[in-house]
Amino acid sequence: MKQRKMTALILVAVLVISLTGCAKEDSANTLTVFNYGEYLDPDMIKLFTKETGIKIKYEEAATPEEMYTKFKSGAIGYDLLCTSDYMLKRLINENELREIDYSLFQYKDNIGKKYWDFSKAFDPENKYTLPYFWGTVGILYDTTKVAGKIDSWDVLFNGEYSGQIVMQNSVRDAFMITEKYLGYSLNTTDRDEIQKAYETLLKQKPDVQAYLVDEARDEVVAGNATMAVVYSGEAYLGHKYNSDLEYVVPKEGSNVWLDSWCITKNCQNTEAACKFLDFLCRDDVALKNFEYIFYSTPNETVKENLPEEDRNDKSMFPDDSATENCEVCTLTDPETNELLNKLWKDLKAN
Amino acid sequence: MDKVLGKRSALAGPYVIWAVGFTVIPLVVIIKYAVFDRSGAFTLANILSIFAPVHLKALIFSLEIALGCTLVCILLAYPLVLAISRLKFARSGMMLVILILPMWMNFILKLLAWQMILSSNGVLNLIIRSLGFAEFDISNTPLSIMIGVIYEYFPYMVLPIYDAVTAIDEDVIEAARDLGAKKATVFWRIVFPLSLPGLMSGITMVFVPSMTSFVTADILGGGKLQLVGNIIEQEFIHSMNWNLGAGLSVALMIFVLISMTFTINKDEREEEEAW
């Protein structure tokens, strides 16, 4: 009998601990920041704490979906998130974000006007999000293994490079490029168009060597694959490791994406949060972050501080013409998302 | 006597807290998610969706991989154990250390190393090419997933069998020999039946985890092949459908429990027979 009471007591104790464990701790001087992996120079976090005394609890996730799942589960009270266009739109729609008080900023104007306009695709009044990095999705290929220059998504689908293609292991990227290839909008909610894209991907699957995320670039660098669908930032590093590699945004157009910072509704100390965001906009910090990540930056002071050769790198600072046919992904319709997820599962199972 | 026993079982207290907090409560939460749909109504659809063609296909593929791996592990482990259990202690200890050594390394690192070895420009093909043979590409195939899984779980097969075999009393074997049993008879009538409990726990420790090692499938299968674990992961992380993910987990759990009761029953029966 005693035994049972003991067990019951322990059970209750554990329950209580697990329930109260989520309670907010000292939020005054700590910010919980949630970002993609390898998307902020760790030294900058140290520098920020040194300068302001505000501690940063830093968490990372690999995909916007993973980030959303963790954020929504509420287990950890995140103050700041850095995520992508369509996910930002979803968070804004769900009323999860706080307006950013730009009057507290000193370095906001380092972000070029072009990128504030760009943000309007998902944040129409530029109220909730601060642009951080941007880029395109394209093909990274080994020039020694293909005839001539590649300029179309067609090479991924025509079977010519069967077994030498690495696709992105992500529902969105896979469908977006296929939709662009077929001439649709990448934000399409049309069932027939999505079905067509699925069939195209299904037909392509035997030609695909692998669906990878972070390793996609490395496989081309190592010579295991001829081409891979990658983000523009990966392309810059790929080219550095292996100068035979070229990156192209196909002529049919592609996805141009923007990752931005936002402050969540949970955030208790918005002043500290703004300080952190302003810090990220500062010339020296933006430069350090850029040199750590090598994605295209909306911070215009960075380009001025770079050596001549890097300033002219087209994968980092593309001409406006390169992004002409590109679209920002703003798809948040839950039914379409569900359909895409289901089709992706079917594709992988086949 | 009762009092002593009562006090002693209090020693299990720390672990009980652990088990309740990290096994029992999560299990209850998972079951809760599994039997409700997104709107909060009771349903068995999530659990029964294991029979949907896509899920069933992944389940069957997982079973094939798990069965294959378990079989290969047994075929490699059993003879190895027989060999090292005869060695002098120092040498058998050395063998066991070599066997356990890879277990000290991070699981993901091991998989990435295998990826390097098996990829088309990898170490394996480099050797094959330099020997003048035609290269072969097994990266991103079920075979490469199996290699990863076997490498990971092989020690879990060896150790329990080793334990069971070394626990066999030499006197029993000698008694059999005195009574005129030949080597083969000694093995089939004495050693093998007595090692069965070890074999069975080896099987459960290899079979069950190999069905769900989704990271292995992702890294060595190139994301083209899905174990049931990959589907559960996708439902939780990407589709945000925790109910379906939990339902599939529960279905898998039921499945595993059924096969476990089968092996456990067999276990006990064999033990009785042996004596």
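**Ground rules.** I am working with a predicted model, where local features need pLDDT of at least 70, side-chain atom pairs count only at pLDDT 80 or more, and totals for chains, interfaces and linings use all residues. Residues are numbered from 1 along each chain as its sequence is written, and chains are lettered from A and ligands numbered from 1 in the order in which they are written.

**Chain A overall.** I looked up the secondary structure of chain A and found 15 helices and 10 strands (DSSP runs: helices are H or I of at least four residues, strands E of at least two, numbered from the N terminus). I read off a C-alpha trace spanning about 75 × 60 × 40 Å along the principal axes. Of the 350 residues, 45% are buried (20 or more other C-beta atoms within 10 Å of the residue's own, with C-beta atoms placed from the backbone).

**The side facing chain B.** I find 25 residues of chain A in contact with 25 residues of chain B (C-beta atoms, placed from the backbone, within 7 Å). Helix H1 (2-20), helix H3 (64-73), strand S7 (208-212) and helix H15 (334-349) of chain A each supply at least two residues to this side. H1(A) gives the most, with 7 residues.

**B:Ala34.** I placed B:Ala34 in helix H2 (residues 13-34) of chain B. Why does B:Ala34 count as buried? Because B:Ala34 has 22 C-beta neighbours inside 10 Å. Leaving out residues up to four places away in sequence, B:Ala34 touches B:Asn46, B:Ile47, B:Asn243, B:Ala246, B:Gly247 and B:Val250. I also checked B:Cys73: 39 residues from B:Ala34 in sequence and 33 Å in space, C-alpha to C-alpha.

Notes
A residue is buried if 20 or more other C-beta atoms lie within 10 Å of its own, exposed if 12 or fewer, and partly exposed in between; C-beta atoms are placed from the backbone. Two residues are in contact if their C-beta atoms, placed from the backbone, lie within 7 Å.
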